[in-house]
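Visitor: I have just opened this structure and would like to learn how to read it. Could you walk me through a few features, one at a time?

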Amino acid sequence: MLNDVNLGPDPEQRDSGLSSEDAATLLKEQGANEIIEQRESPLQKIASYFWGPIPWMIEAAAVLSALARDWPDFFIILTMLAVNAGVAFWQERKADNAVELLKKKLATRARVLREGRWQDLPARELVSGDIIHLKLGDVVPADVELLKGSGLSIDQSALTGESLPVEKKATDSAYSGSIVRLGEMTAVVTATGMKTYFGQTAALVERAGAPSHFQQAVLKIGNALIIATLILVAIILVYGWWRGDPLLETVQFALILTIAAIPVALPAVLSVTLAVGATTLSRLGAIVSHLAAIEELAGIDVLCSDKTGTLTQNRLVVGAPALIEAQDSEQVLLAAALACERQSNDPIDRSILAALEGVDNLASAQIDKFIPFDPVSKIAEVEVRLDGSARYIAKGAPQSILAWANASSATQAAVETQIETFATDGYRALAVAERIGDQPAEVLGLLPLYDPPREDSAATVAALSKQGVAVKMVTGDHIAIARQIAEQLNIGRNFVTADKAFGTTDKMTASDILERDGYAQVFPEHKFEIVATLQASDHLVGMTGDGVNDAPALRQADVGIAVSGATDAARAAADLVLTEPGLGVIQHAVEEARRIFERMTAYAIFRISETVRVLLFMTLSILVFDFYPVTAAMIVLLALLNDFPIMMIAYDNARPAPRPVRWDMRRVLILSSVLGSLGVISSFGMFWIAESIWELPRPTIQTLIFLKLLVAGHLTIYLTRNDGHFWDRPLPSLKLFITTEFTQVAGTFAAVYGWFVEPIGWSLALLVWGYALVWFVINNMLKRLVIDHLMGNGDR
């Protein structure tokens, strides 16, 4: 793929290269041969974490604390703000590392022809039109057009996803960042920096990134609590002013109520839940680099998977040889192995030697002459003595081997038929021929080469499908190879190439993408477009990959997953990095993510219901009965005792949903509103009993209400943790149960013995417990009715 640029010197000038003056002018016009990135200053990034509805309310609470000279609360709130900002800043630093790692993969120096002489220059100084020299082991420093030489074998798997080295000749293009495996050639630079294929990939990584559904959900929950708090606190302030209460006392009470009601700890609690889940996932072999991705992982319904190195092992394997004139398979393999360079890192040679491992004849052969693979002739030759006879063996491209062996028309027809069969099945064919002494040469056979699937890929695909996740293969490899691997993994054979899918004027839709089993011969921009199109149709998309070519799509996906052995750029762009080979950990990660999602949902419902219960009850008590049902000290104590069990929700047992899950704010708000309203009703019931039947004094009633709010509130945790009855399995974790009961007992002792409150004794305390337990059972039954109604209307 050549860029539309001036190729520089004309043919007569290419013997001398660019002049220093021309190169300096072009460098000034085109810029350095490096990746340019847009960076936000650390100060701007940190400041952004203090901007938004939830931070505004927390900051307002801090201001009110300062005005009321409540310095302990003031410093606690500021600390919470700083911690939240620090955690968020640390989490997002990894997103900025992706471009840095892409830059590091570029060649640092290049052999360049300038002023008629060859010189080593920093790769960043290359310009379009420079003549460069490429040899074995070089990283191509810019996009180039090959000029003269023996031809190149180039590994561009990390860029395009092709599993096999690509043969290049004069006039072909080579991409920046690819690696020369064989050959030596000169080339002219056609594009540098951000205009290269590599640079365009980096640009996609820069602009990639989908908004987190987790962040959106936190914002919605926070907004609901903030709105409710502001309205009710405003009513209390206005009523207090109208009644003539002391302004400072009214403001202080409103302040404490605000701090207790607004979700100051909401981001922290949910982040702790995610962090605990991340620790569990790390034990499974998945490192989480972006905590919010855990929640996204619970909801993905499409997994776009790269093939090479992800579903496959990214290594060549020799299949069963196709015999042409050989007697048996071992004869073909032995001849091919003799024509291999045993110390070479060539992937084809390594795969052939591995297939023949343990054969004694290989060690007993005497090599007289070896000619390595020539990219021009496309043959490797060897002269060897074996079993007392001189043998001449050649291996390489089938057409070249047929010419070397001067094969008959019948042999040529047999070879061509077998090549077509291999091609249909997605195999690459390597031919082997042998001539013994002065006898005519024989084409022994053809070796099929392929990149085999990982051992657990088929099982993982099947398990994910059962979990409601559709797996689509998206690969840069040839369509025949993609189909062959996909069929082995039971993904399907309905594939299309990128040029047919994206080369039309009609824009691809999510339905079009989902109708296919996969896409072949794709470039990074195609992978990116597939992910973005699915997201635009409200799909949560996971993307797995291992190469530089996968980085933009990994960054754009809701959950980018870098497999074991992935490039640095892919790992930096991903949200989840697998440390164990294979994809088996993904299905376990999805299951664990859905457990974590259930815990977060439980906390959200509990937190909103508690806000509704406390705020609404207090507001109505003040307005209707002209009575503050709890004191400011009781509100602080209640908030403190609530903090301990809600933190333990992160360690609770949870049953993973069988299908992908999403934040259903309608369901969350309805359930929490119902439970909160029932809490208000039961609290007024307790108030009525205490005042009208038991005729207790107001200070004692305040302690009764405090204890009832504490006990009933903690029991609500058991109601919100699942959709079933409170006795359904899985039962609460030991950590959650012990902490919840401990804080309830601590609050009971405070009420009985008068710690910061009016003492009520054990008799009244036990009556409150009995009253709360009766309502706990009633709430459980009503919760089940609401959930059944919601599910009947199509909700989860």
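Visitor: Let me start with Ala480. Leaving aside neighbours within four places in sequence, which residues is Ala480 in contact with?

Guide: Once those neighbours are set aside, Ala480 touches Ala423, Thr424, Asp425 and Gly426. Keep in mind that this is a predicted model. Ala480 itself belongs to helix H18, residues 479-488. Although Ala480 and Thr424 are 56 residues apart in sequence, their C-alpha atoms are 6.1 Å apart in space.

Visitor: Is Ala480 buried or exposed?

Guide: Look at the relative accessibility and compare it with the cut-off: under 20% means buried. Ala480 has 12%, so Ala480 counts as buried.

Visitor: What does that reading give for the chain as a whole?

Guide: Of the 796 residues in the chain, 55% are buried. The secondary structure comes to 29 helices and 22 strands. Among contacts between residues at least 6 apart in sequence, 72% join residues at least 24 apart.

Visitor: Can we try a loop residue? Where is Ala405 found?

Guide: Ala405 sits in the loop between H15 and H16. Its relative accessible area is 7%, so Ala405 is buried. Beyond its neighbours within four places in sequence, Ala405 is in contact with Ala433, Ala441 and Val443.

Visitor: Now for the backbone. What should I look for in phi and in peptide bonds?

Guide: Most residues other than glycine have a negative phi, and most peptide bonds are trans. Exceptions are worth a look. Asn406 has a positive phi, near 50 degrees, and is found in the loop between helix H15 (398-404) and helix H16 (409-424). With a relative accessible area of 68%, Asn406 is exposed. Asp538 also has a positive phi, near 70 degrees, and lies in the loop between helix H21 (524-536) and strand S20 (541-545). Asp538 counts as exposed, at 52% relative accessibility.

Visitor: Which residues does a cis peptide bond join?

Guide: A cis peptide bond joins Arg729 and Pro730, with omega about 5 degrees. Pro730 is in the loop between H27 and H28.

Visitor: How do I read the packing of two helices, such as H27 and H28?

Guide: Begin with the angle and the distance between axes, where an angle over 145 degrees counts as roughly antiparallel. H27 and H28 pack at about 175 degrees, their axes 10 Å apart, so H27 is roughly antiparallel to H28. On the H27 side, the contact residues include Phe706, Leu710 and His714; on the H28 side, they include Phe737, Gln744 and Ala751. By class, this contact has 10 nonpolar, 7 polar and 1 charged residues.

Visitor: How does H27 meet H26?

Guide: The axes of H26 (residues 665-693) and H27 (residues 698-720) come within 10 Å and cross at roughly 150 degrees. H26 is therefore roughly antiparallel to H27. The crossing is right-handed. Among the residues that meet are Leu675, Met686 and Phe687 in H26 and Ile701, Leu704 and Lys708 in H27. The contact of H26 with H27 divides into 9 nonpolar, 5 polar and 3 charged residues.

Visitor: Last one: how can I check the length of a helix?

Guide: At 1.5 Å a residue, the 20 residues of H28 (residues 734-753) should span 28 Å, and the end C-alpha atoms are 28 Å apart, so the two agree. Buried residues of H28 include Leu736, Thr740, Gly747 and Val752. After H28 comes Gly754, with a positive phi near 75 degrees.

Notes: Residues are numbered from 1 along each chain as its sequence is written. This is a predicted model: local features need pLDDT of at least 70, side-chain atom pairs count only at pLDDT 80 or more; totals for chains, interfaces and linings use all residues. Side-chain values use heavy atoms; hydrogens and water are left out. Axes are lines fitted to C-alpha atoms, for helices over the stretch in contact, and angles run from 0 to 180 degrees between N-to-C directions. Helices (H or I, at least four residues) and strands (E, at least two) are DSSP runs, numbered from the N terminus. Angles under 35 degrees count as roughly parallel, over 145 as roughly antiparallel, 65 to 115 as roughly perpendicular and the rest as oblique. A crossing is left-handed if the near helix is turned anticlockwise from the far one by less than a right angle, and right-handed if clockwise. Contact means heavy atoms within 4.5 Å. Ala, Val, Leu, Ile, Met, Phe, Trp, Tyr, Cys and Pro count as nonpolar, Asp, Glu, Lys and Arg as charged, and the others, Gly among them, as polar. The expected span of a helix is 1.5 Å times one less than its number of residues. Buried means under 20% relative accessible area, exposed over 50%, partly exposed in between (1.4 Å probe, protein chains only).
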